[in-house]
Amino acid sequence: MSKQRKLPSHDRLRQQAALLPGYVIIIAWVIFTFILLGWVFCASLSTTQEIFQGQVGLFPSGLHFENYAKAWSSQNVSTIFANSLVYSLISCAALILICAPCAYVLSRFKFTGNMAIQNGFVAAMGVPVAMIVLPLFCVIAQMHLVDNGIRNRLVLIFLYIGINVPYTTIFLLTFFSNLSRSFEEAAAIDGCPPTKTFWQIMFPMAQPGIITVTIFNFINIWNEYFLSLIFANSDTMRPVAVGLFSMINSMKYTGDWSGMFAAVVIVFLPTFLLYIFLSEKIIAGITAGGVKG
């Protein structure tokens, strides 16, 4: 009997020992990430001379918060920040309005071509952007939409929406599939039409999944580089990824490295704060899907 009692604890120790290498890797990665981010933040409050002298974090000349004001005003950070904010917010809102009803219909109604549409979305998720960017540019050029005006902004937003539709639809489809059908049955008994049932009952119930996929889409669009490099062909239209790359190239002439690190912190803050304050929603959206019906 005593041996049988010791076996479970023995197994637990063996399982914990098997997980130990994973814990070590995760802890090492977290420490490395914190050190890296901390160095960038300290560099943004230092001077260029202190950065090259290896005095980052010591602050011998004090904290230089003026680096942020200088980066925001003189290094065009305010423009690229506003551009990325507009692109991300409009694209994320449009993706939810398009993909949520689509995912609900695909998850709830059986019709000819349902599985073909789902398989098409899954296949589209595997197509790299680099493979379709040249045909896209040719089509947009033939439509005379390549210029420096408002049309380029609309084209970029349209491309962000189109490229993220497959992922958003499949993510929400899985979430809607896990919601109980009893809510729809009760609404149908009360005489509520399917459209009203979706917007007033099922859509609010899918809030964790909607918030989660919106956060993922926001981060993806905020950090997008390749499409914006090709289609945002003006300094006034460039988002943060292309704008920061241009700033790094200009460092060889200006040498204002402290201002560049301040710009990096400014650009990094929205996605960082978004994750910090909504991390519980992200976990809930990934792990929960309501009551299965």
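Q: At what angle do the axes of H9 and helix H10 cross?
A: Two packed helices are described by the angle between their axes and the distance between the axes. Axes are lines fitted to C-alpha atoms, for helices over the stretch in contact, with angles from 0 to 180 degrees between N-to-C directions. Helices are DSSP runs (H or I, at least four residues), numbered from the N terminus. Here the axes of H9 and H10 (residues 207-222) cross at roughly 65° and come within 5 Å. This is a predicted model, where local features need pLDDT of at least 70 and side-chain atom pairs count only at pLDDT 80 or more, while totals for chains, interfaces and linings use all residues. Residues are numbered from 1 along each chain as its sequence is written, and side-chain values use heavy atoms, leaving out hydrogens and water.

Q: Which residues of H9 and H10 make the contact?
A: Contact means heavy atoms within 4.5 Å. Phe 203, Pro 204 and Met 205 of H9 touch Gln 207, Pro 208 and Ile 210 of H10.

Q: How do H4 and H9 cross?
A: The axes of H4 (residues 77-108) and H9 (residues 194-205) cross at roughly 90° and come within 12 Å. That makes H4 roughly perpendicular to H9 (65 to 115 degrees). From H4, Ile 96, Leu 97, Ala 100, Pro 101, Tyr 104 and Arg 108 meet Phe 198, Trp 199, Met 202 and Phe 203 of H9.

Q: Where does H4 have a kink?
A: A bend is the angle between axes fitted to the seven residues ending at a residue and the seven starting there. In H4 the kink is about 25° at Cys 99, shortly before the proline Pro 101.

Q: What is the angle between H4 and H5?
A: H4 packs against H5 (residues 114-125) at about 130°, with the axes 10 Å apart. Cys 102, Val 105 and Leu 106 in H4 meet Asn 114, Ile 117, Gln 118 and Phe 121 in H5.

Key
Helices (H or I, at least four residues) and strands (E, at least two) are DSSP runs, numbered from the N terminus. Angles under 35 degrees count as roughly parallel, over 145 as roughly antiparallel, 65 to 115 as roughly perpendicular and the rest as oblique.
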